[in-house]
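Trainee: Could we walk through this structure together, one question at a time? I would like to see how each answer is reached.

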Amino acid sequence: MLRIRNEELVDVITFLEGFELQPKVSRVRTKLVKLIRTKIDELYKDEVDLLQRFGKKDEEGNLVQDNGNFSLLPETAAEYHKEKADLLNEDSVIDVAELQDKLPLLIGGLGDSEVTVSGKDAETLELILELLETEVKGV
């Protein structure tokens, strides 16, 4: 089971989707991305639930948007931000049992790549490799 903090899900999937890999390794990556996308969809639903609880609504009960952002009720905005921060700090648990025997291939493909990374990409790669290596070791 991979444990990824919710706030890291989007960075991880964005990195994985954009990283060039050989076809055999890419197939493993694509399967992992599908599993992560399911967790992102769940996170999105949880965020919408928070907005439904704390967001400003019009007469018809629809959330009010201002320049593409949802408006919050001033009296509950602090509670919304606290609950959203708590949600983002939670771990998503991703069952990768079906990929277990293929994870070393993905680790090798990512670690041995000729692609140069730096900054946030380097941090995200390190996170992914740590998560995958921990899963393979069964720690």
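Trainee: Happy to start on the inside. How many cavities of 30 Å³ or more does the structure hold?

Mentor: Keep in mind that this is a predicted model. A cavity here is a set of grid points where a 1.4 Å probe fits but cannot get out. With the limit set at 30 Å³ or more, the number of cavities in the structure is 1.

Trainee: How much space lies in the largest cavity, and which element gives the largest share of its lining?

Mentor: The space in the largest cavity is about 40 Å³. Its lining is made of Leu2, Ile4, Val12, Leu32, Ile36, Ile128, Leu131 and Leu132. Two or more of these lining residues come from each of E1, H2 and H5. The largest share, 3 residues, belongs to H5.

Trainee: And by class, how many nonpolar, polar and charged residues does that lining have?

Mentor: Leu, Ile and Val all count as nonpolar, and these are the residue types in the list that runs from Leu2 to Leu132. The count for the lining is therefore no polar residues, no charged residues and 8 nonpolar ones.

Trainee: What share of the contacts with a separation of 6 or more joins residues 24 or more positions apart?

Mentor: Contact here means heavy atoms within 4.5 Å. Among the contacts with a separation of 6 or more, the share from residues 24 or more positions apart is 71%.

Trainee: Are Asp11 and Lys120 exposed or partly exposed?

Mentor: Exposed means over 50% relative accessible area. Lys120, at 52%, passes that mark and counts as exposed. Asp11 has 29% relative accessibility, so its class is partly exposed.

Trainee: Which strands does the salt bridge of Arg3 and Asp91 link?

Mentor: The side chains of Arg3 and Asp91 meet at 3.6 Å, N to O. The two residues are 88 residues apart, and Asp91 is in strand E4 (residues 91-94) while Arg3 is in strand E1 (residues 2-5). The strands linked are E1 and E4.

Trainee: What about Glu83: which helices does its salt bridge link?

Mentor: The partner of Glu83 is Arg53, with the closest N and O atoms 2.9 Å apart. Glu83 belongs to helix H3 (residues 77-89) and Arg53, 30 residues away, to helix H2 (residues 23-54). That makes the linked helices H3 and H2.

Trainee: How many salt bridges does a search of the whole structure find?

Mentor: Besides these pairs, Arg5, Glu7 and Glu8 are linked in a network of salt bridges. The number found over the whole structure is 9.

Trainee: Why is Ser71 called buried?

Mentor: Ser71 lies in the loop between strand E3 (69-70) and H3. Leaving aside neighbours within four places in sequence, it is in contact with Gly55, Lys56, Val64, Gln65 and Asp66. Buried means under 20% relative accessible area. Ser71 is called buried because its value is 16%.

Trainee: Last one: which value of phi does Asn67 have?

Mentor: Asn67 is in the loop between strand E2 (65-66) and E3, and it is exposed, at 74% relative accessible area. Most residues other than glycine have a negative phi. Asn67 has a positive one, near 55 degrees.

Conventions:
Residues are numbered from 1 along each chain as its sequence is written. This is a predicted model: local features need pLDDT of at least 70, side-chain atom pairs count only at pLDDT 80 or more; totals for chains, interfaces and linings use all residues. Side-chain values use heavy atoms; hydrogens and water are left out. A salt bridge is a side-chain nitrogen of Lys or Arg within 4 Å of a carboxyl oxygen of Asp or Glu. Helices (H or I, at least four residues) and strands (E, at least two) are DSSP runs, numbered from the N terminus. Buried means under 20% relative accessible area, exposed over 50%, partly exposed in between (1.4 Å probe, protein chains only). On a 1 Å grid over the protein atoms alone, a cavity is a set of points where a 1.4 Å probe fits but cannot get out, and a pocket is an open set with protein on both sides within 12 Å along at least five of seven lines; lining residues have an atom within 4 Å of a point. Grid points are joined across faces, edges and corners, and a volume is the space filled by probe spheres set on the points.
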